[in-house]
Amino acid sequence: MDTRVRTFELTVWPHMRAAYNLARWLVRNNQDAEDIVQESLLKAYKAQESFRGNEPKTWMLSIVRNTALDFLRRGKSSAEVVLEKPGFEPRDHSPDPERALLEQSRRQRVRRAIAQLAPEFREAIVLREIEGLSYKEIASVLGIPMGTVMSRLSRARNLLLVELGGAKEVSA
Amino acid sequence: MNCREAGPLLHARLDNELDMAGSASIDLHLADCRACAAQYAALQGLHDEIASVDLAYAPGAAFERKLAARFLKEPKSPLRLWTGNWLTASAMAAATVGVIVLIVSMPALRTGSGTDAIATEILDDHLRALEPMHQVDVPSSDQHTVKPWFQGKTSFSPPVPDLTGEDFILIGGRLEVLNQQPAAAIVYRRRQHVIDLYVLPSPGADSKTELREQGGYHLLHWMQNNMSYWAVSDVDLTDLRTFADLIRGK
């Protein structure tokens, strides 16, 4: 197997799922997310020789983000916010259907709240809470200082508290 | 610290981004201030709520297969494609292959003395190191710079011969961890091909040079003076053998 493919497999490919997740949160539908991931992988493949950093994950995610932002700017989005499709949910194999249903409704509720955030808050929350990136890594993906990362997360979480706070007491 | 200062730091505390002193000063404030403590508890609750459900969107299996077919030469998991009757037929075929592989690999295992895992580890390391920045910790074509660099980093002194006359150009060295112990990687270049020579302590009798091939790469392995040697490259096998002989002879 040639070296480029192997290098790609070892450095970029492991972040494909993170790439899809970020793209999906930014463009908010599956088809566009797939297009963006595909385009981003191609860019990463072509550019991998010039990549000099130590963190292929943040590098890959910043490519995805730029590709998604370009895409949104050109207004190519094929559909506005698509409602949750059950077919794309992670399969739940738990034997307790009631619990699975509850989990599903909690997932939808939290996802909806995050989806409503403005893009700059949404991407910060997704990278921190779902992808588990550090402030430094988030700063590198978004191209902003770490202090800005902190203030965006702060704003985003306060908005989420308002959005989710009330309903939480009812379901608890 | 007042509440206004504490505000954004609550998030940094929650995200484990503060050093010990920073965490301590926030904790002191939280012990004193009810409003901030309540806010912190709310944030913690939000964080836990988000963490308690899997919010990530996963790519569909068909899409993932399509990407693998396009970007990787081999699909990640051909097993997934089998369905129905194919499964039975394939399982039988797999079982047959399993038996053949077992028979063929038995003698290899005995002579190979359990080095397969480390061979894979070494090849992966070699491939990772092919990225420009990862190639060497000490870039130098001077053996008198590279060899002393390992002093204090490894318990042994790896051979770093000057092979310029034989057209193997020294690029440098780097420290690796293989088989959970420090290993020296000496990097040479032959035309456009990178050759990594891995050296690590490994008690055992001297052996002759063994060849392994994996995905277009050659790995030559031998034991010498209680050290394990691996030469890895995609260079021509004849060239790699010449290289190994030169290292063994020095």
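1. The cover over the buried residues of α8(B) includes β4 (193-201), β6 (217-224) and β7 (227-233) of chain B, where helices (H or I, at least four residues) and strands (E, at least two) are DSSP runs numbered from the N terminus. This is a predicted model, in which local features need pLDDT of at least 70 and side-chain atom pairs count only at pLDDT 80 or more, while totals for chains, interfaces and linings use all residues. Residues are numbered from 1 along each chain as its sequence is written, and chains are lettered from A in the order in which they are written.

2. In α8(B), the residues B:L240, B:F243, B:A244 and B:I247 are buried, that is, 20 or more other C-beta atoms lie within 10 Å of their own, whereas exposed stands for 12 or fewer and partly exposed for values in between, with C-beta atoms placed from the backbone.

3. In chain B, 33 residues are in contact with 41 residues of chain A, contact being defined by C-beta atoms, placed from the backbone, that lie within 7 Å. The greatest contribution to the side of chain B that touches chain A is that of α3(B), with 5 residues.

4. A:L72 has its place in helix α4 (residues 56-73) of chain A, and it is partly exposed because 16 other C-beta atoms lie within 10 Å.

Notes: Two residues are in contact if their C-beta atoms, placed from the backbone, lie within 7 Å.
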